[in-house]
Amino acid sequence: MDSPNAAHFRAFDEHSRLQSKPQTLDDIYGEPENFLEIEVKNPQNHGVGRKMFTDYEIICRTNIPAFKLKNSSVRRRYSDFEWFRDVLERESTRVNIPPLPGKVFTNRFTDEVVEQRREGLERFLQIVAGHPLLQTGSKVLAAFIQDPSFSRDYYHY
């Protein structure tokens with residue numbers, strides 16, 4: 001039978017082997033290996049009467065190779081998101097595409113409604129942009145999020 005000291009030293013030895021190297025400041029504060037930050041912000045209303053619509057700024061910061069730009073900013077309107085979601089569903093039968101925030105038919109330009117929609121669009125984009133199968137398999141994902149000259153007419157679905 002081992003002495004109590006032998007058991008203690010064996011446990012200490014196990015513990016010391018599990019210790020990793022100390023973290024450097026770069027490990028703690030440096031850029032992560034893969035990162036993707038997406039914000040939907042700065043909603044703006046355009047037009048008048050029945051032609052009125054709101055568009056949103058999409059800001060993307062990433063180092064994921066599926067995205068061509070490390071930093072980008074584009075503007076998209078809700079109908080663009082509807083088209084984009086429809087295309088994603090057709091492109092990727094193996095991925096469950098989350099819903100968009102619902103259509104609003106009354107008071108859709110109030111600050112509260114615009115903010116709720118902005119939050120829902122941001123959640124939607126964060127989920128789909130962060131999905132590895134969509135990053136590698138979608139023909140429209142990176143362009144929708146990053147290309148300022150993006151046009152639905154370019155993609156025939």
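This is a predicted model: local features need pLDDT of at least 70, side-chain atom pairs count only at pLDDT 80 or more; totals for chains, interfaces and linings use all residues.
1. Residues are numbered from 1 along each chain as its sequence is written, and side-chain values use heavy atoms, with hydrogens and water left out.

2. The chain has six helices and three strands, taken as DSSP runs (H or I, at least four residues, for helices; E, at least two, for strands) and numbered from the N terminus. Along the sequence they follow the pattern α-α-β-β-β-α-α-α-α. Of the 157 residues, 34% count as buried. Among contacts (heavy atoms within 4.5 Å) between residues at least 6 apart in sequence, 56% join residues at least 24 apart.

3. Helix α3 has 14 residues and reaches 20 Å from its first C-alpha to its last, close to the 20 Å expected at 1.5 Å a residue, where the expected span is 1.5 Å times one less than the number of residues. For helix α4, the 19 residues 111–129 should span 27 Å, and the end C-alpha atoms are 26 Å apart, which agrees.

4. In α4 the buried residues include Val113, Val114, Arg117, Arg118, Leu121, Glu122 and Phe124. Their cover includes β1 (36–46), β2 (53–62), α3 (78–91), α5 (132–137) and α6 (141–146).

5. The axes of α3 and α4, which are lines fitted to C-alpha atoms over the stretch in contact, with angles from 0 to 180 degrees between N-to-C directions, come within 12 Å and cross at roughly 30°. The two helices are therefore roughly parallel to each other, a term for angles under 35 degrees. At this contact, Tyr78, Phe81, Phe84, Arg85 and Leu88 in α3 meet Arg117, Leu121, Phe124, Leu125 and Val128 in α4. These residues divide into eight nonpolar, no polar and two charged, with Ala, Val, Leu, Ile, Met, Phe, Trp, Tyr, Cys and Pro counted as nonpolar, Asp, Glu, Lys and Arg as charged, and the others, Gly among them, as polar.

6. One backbone point deserves a check by eye. Most residues other than glycine have a negative phi. Asn42, found in strand β1, has a positive phi of about 50° although it is not a glycine.

Note on methods. Buried means under 20% relative accessible area, exposed over 50%, partly exposed in between (1.4 Å probe, protein chains only). Angles under 35 degrees count as roughly parallel, over 145 as roughly antiparallel, 65 to 115 as roughly perpendicular and the rest as oblique.
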